[in-house]
Amino acid sequence: MQDLLIIAVHGIGAGAIFALVGMSFNVVFNASGILNFAQGNLLVLGGLFALLTLPGEPSVTGWLVLLPIAAIVLAALVAIQGGITLLPLRSSVEQHSWLITTLAASVIISGVLMIYQGSAQPTVHSPFAGFRLMGMRVPASYALATLLAILWYVALYLFHTRMLTGLAMSAISQDLDAARAAGLRVRRLQILSFAISGLIVGSAGFVAAPVMAIASDSGISYVMNGFVAAVIGGIGSNLGALIGGFLVGVITSYAAFNYGGEFQDAVALALLVGVLMLRPQGLLGRPAARRV
Amino acid sequence: MARALARINLLRGADGAQALIGIVLVIASIVIPILAGSAYWTHNFLIVSLFVSVAVVQNLLLSDAGQVSFGQGAVFGIAAYTVGMVGTLWSQGFVIGALCGMAAAILLGLLFALPALRVQGYYLGFVTLSAAVVFPQMLVALNDYTNGINGIPVTVPGLSEQGQTGFTLIALLVIVLTSAALLFHAAFRATRAGRRMRVAAASPEAAMTLGIDPGRLRFLAFSIAAIGTGIAGLLYVPVLGFVSPYAFRVDLSIFFFFSVVIGGNGQLLGPLIGAWILYLVPNALLAGWSDYRLVGYGIVALLIMLVFPDGVVGSMMDRLRRFRARESVPLIAMDHLLNDPVTDLSPPASATSAIVVTGARKSFGQLAALGGVDLSVTAGHIHGLVGPNGSGKTTLLNAISGLAPLDSGVIRIDGTDATRFAAHRLAALGVGRTFQTPRIFDSMSIWENLMIGADAAPTHDPWLLRTLARDEESWSESRPDLLPHAQRRVLEIMRVIASDAPILLLDEPAAGLSPEERRDFARLMRFLRDRLGRTILIVEHDLDLVWRVADRISVLDAGLIVAEGPPDEIHDNPRVRALFTGTINA
């Protein structure tokens, strides 16, 4: 019983991070057809921002002030990265260049993290004390990350259904040519989508910093788990990514608890292959129509 | 200088020429440091050359087969690690270790091919990327078998011992492997399988109508990649003398992929240039600042992608090609074919039905595209299928060619029930087709575009290619991307004729043709029927043309056949007149 609780708490906490990465994938993907491979390392950069700015014993006020700053800094960075990514794309998405440019951005961030940290694993302290749940100590960051994932889901939902800019972005995802013909400034909306994904990973990295590995090789693992979350839910669906994230989190933490932490990613891979073989459109995705 | 370069045959000879340049560069890069006595550069170039050979087969996988794999580093690593485990830890020696390593590499490579049958593009990329992330983790996790993070030292007696001149057996093997990989890729492209692989990657639908099973070719591509990558992995062990999980992290897989795209996706020389730039620039320039190597490597990759979106070699070839493009583009004329005395190709005429469709129904959601269609096409006839836009003509054609299965109903081809046949099996039954938008493959020469038609019927005599032999040279040197629209249509029709399919489904073949070209086209239709004995089902909006050439006409409206019969009869049918008010002047 106690074991199951540990698995659930850890799984939901980690799953919230995967869900946030998954949603940040979706935002960019819906507007541009691009999957930003750098998203995982950008999340880690959000954590690095917390590491650099938060003192050893941070105050709640300071934390609350720095959180939006982290989100905005990352949003600016990702917007620049998005602009660079979109630059060589002349018209279609049928090119390999974005695979390279986003992966290259990821490699560069990895390199920067490596220069900064060497091989030591620094830790970030949270201003919030953990709490006890049925006798088990739960780090506050897990609860905050979960809360953040749900908040971002609601915010994105409102953005895409209530706000004009959000509606325009949804229009791009449904029919790029029609959106362009209707006079939407597609390129600007796409860069905005990169910026929004930056807000998501920036805030997520900052909030989850105390329970995250801020290292040069952890980004790729977050990318992978976030992608698995998005695929399980159905690429493009934020509700899907939210549910998928928690599923991936709980299942992999079950595996890590029973067989060892090294098997966490292996189980995520097995999940990914399983979903793609059995239900490629995911839980909530629409099956893609094939054109002849 | 520029003129001399432009004279190099850029299409047919380009692959061979690039492969040869590549081989010269590989040999020079290893021989020169050995002669100069630089152990450091010899070692570096041996490793780069092994990476080049992996990138060469990855180039085949990515650009010829269209498969995005970020996991080739794991295939490379599993071959190397198996040598270490079987050879050193279990003391079986290098040879047995190498055999087991090859088996492991092929197994993993084919495991990648399994999801490729189901998903494509970045999905497949992520699956393979994840495998590359997990692979070194498993090496650490299974430390009872792999020696974990400590790695495995491997000594292979004989391979690394220097002779009088400083040459080693391993250096020779590396040169042979890399050269063989380059030559193989160039030669493979000129084979039937090589052409068909590129067609399947460019348009799986069109490929299937040419009798190609795209899944089988993907499997072949993954197998070739696994074998090439596996051998390179085996040789990596004696070059380094040591294997550790650290060497086979996901970064290695990304490096292989980068090399291909940075060099120029699809260019034979691309992987070599890409791997050299990405390996040597950060390592040589930042030799003293090892911490900055990763950043340097990322920046180099990013900058090259921005400056050369088609890769270094790709962008250069593109510029050369544009320089030549000002010269004339060949004309695809039908005259050679129509005026050629073709003998003995017409089968005995019989009044059997080539295509019989009964009760065909097909819905897209709420919309019934076909509401119970019956159609019978007599062998050796030209059968016109007309009707307003959205009446279900193309849907019916797609069903008959196997691209969109019916909800219910039966399709018989020459008496065989083909209702549930996939498109490539229907092609094997003798059904060929063209598309509304011609499926012409711009990365191949005009002549190769014709050859893939003949490739569909390898046992038949390629009489069409022989008839057109006088055009072979000029058509082999030009790509179809400069052809005007009408010429692309003609090329596609010529291709389906070359496939020797006795039944032809033509989807709006005259759209965009000039009046003169239409007259030629009508001649071609009659030629196909009368001289070659073909059965033709033609969907066309040019009613004049249909009425001139067709033996029988079916009129489709809102998913139902509303009239059927010889042209004269249909012409006077009041229901048909109502559909085409004012358009029939025949």
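1. Helices here are DSSP runs of H or I with at least four residues, strands are runs of E with at least two, and both are numbered from the N terminus. On that count, chain B has 26 helices and 12 strands. Bear in mind that this is a predicted model, where local features need pLDDT of at least 70 and side-chain atom pairs count only at pLDDT 80 or more, while totals for chains, interfaces and linings use all residues. As for labels, residues are numbered from 1 along each chain as its sequence is written, and chains are lettered from A and ligands numbered from 1 in the order in which they are written.

2. Overall picture of chain B: the C-alpha trace spans about 90 × 55 × 45 Å along its principal axes. Of its 586 residues, 51% count as buried (20 or more other C-beta atoms within 10 Å of the residue's own, with C-beta atoms placed from the backbone). Call two residues in contact if their C-beta atoms, placed from the backbone, lie within 7 Å. Then 75% of the chain B contacts with a separation of 6 or more come from residues 24 or more positions apart.

3. Have a look at α3(B), residues 39-64. This helix has 26 residues and reaches 37 Å from first C-alpha to last, close to the 38 Å expected at 1.5 Å a residue (that is, 1.5 Å times one less than the number of residues). Since 20 of its 26 residues are buried, α3(B) is largely enclosed by the rest of the structure. Just after the helix, G66(B) takes a positive phi of about 70°.

4. Now the sheet in chain B. Four strands form an open, antiparallel sheet in the order β4-β3-β6-β7, where pairing requires DSSP to find at least two bridges between two strands. β4 (367-378) and β7 (416-417) are the edge strands, each pairing on one side only. Between β6(B), residues 408-413, and β7(B) there are two bridges, and R412(B) has D417(B) as its bridge partner. Helix α17(B), residues 393-400, packs on this sheet and touches β3 (353-364), β4 and β6, its direction making about 120° with that of β3(B). For such angles, axes are lines fitted to C-alpha atoms, for helices over the stretch in contact, and the angles run from 0 to 180 degrees between N-to-C directions.

5. Two hairpins are worth a click. β3(B) and β4(B) pair over nine antiparallel bridges, with V357(B) partnered by L375(B); two residues lie between the strands, and G365(B) in this hairpin has a positive phi near 60°. Further along, β11(B) (552-557) and β12(B) (560-565) run antiparallel, joined by five bridges, and S554(B) stands opposite E564(B). That hairpin also has two residues between its strands, and A558(B) takes a positive phi near 50°.

6. Over in chain A, α1(A) (2-32) and α8(A) (186-208) pack at about 175° with axes 8 Å apart. They are therefore roughly antiparallel to each other, the label for angles over 145 degrees. Among the residues making this contact are L20(A) and V27(A) of α1(A) and F194(A) and I200(A) of α8(A).

7. Finally, the interface: 38 residues of chain B and 35 residues of chain A take part in the contact. On the chain B side, α6 (121-141), α12 (250-264) and α14 (293-307) each supply at least two residues, and α6(B) gives the largest share, 14 residues. By class, this side has 29 nonpolar, six polar and three charged residues. Ala, Val, Leu, Ile, Met, Phe, Trp, Tyr, Cys and Pro count as nonpolar, Asp, Glu, Lys and Arg as charged, and the others, Gly among them, as polar.

Note on methods. A residue is buried if 20 or more other C-beta atoms lie within 10 Å of its own, exposed if 12 or fewer, and partly exposed in between; C-beta atoms are placed from the backbone. Angles under 35 degrees count as roughly parallel, over 145 as roughly antiparallel, 65 to 115 as roughly perpendicular and the rest as oblique.
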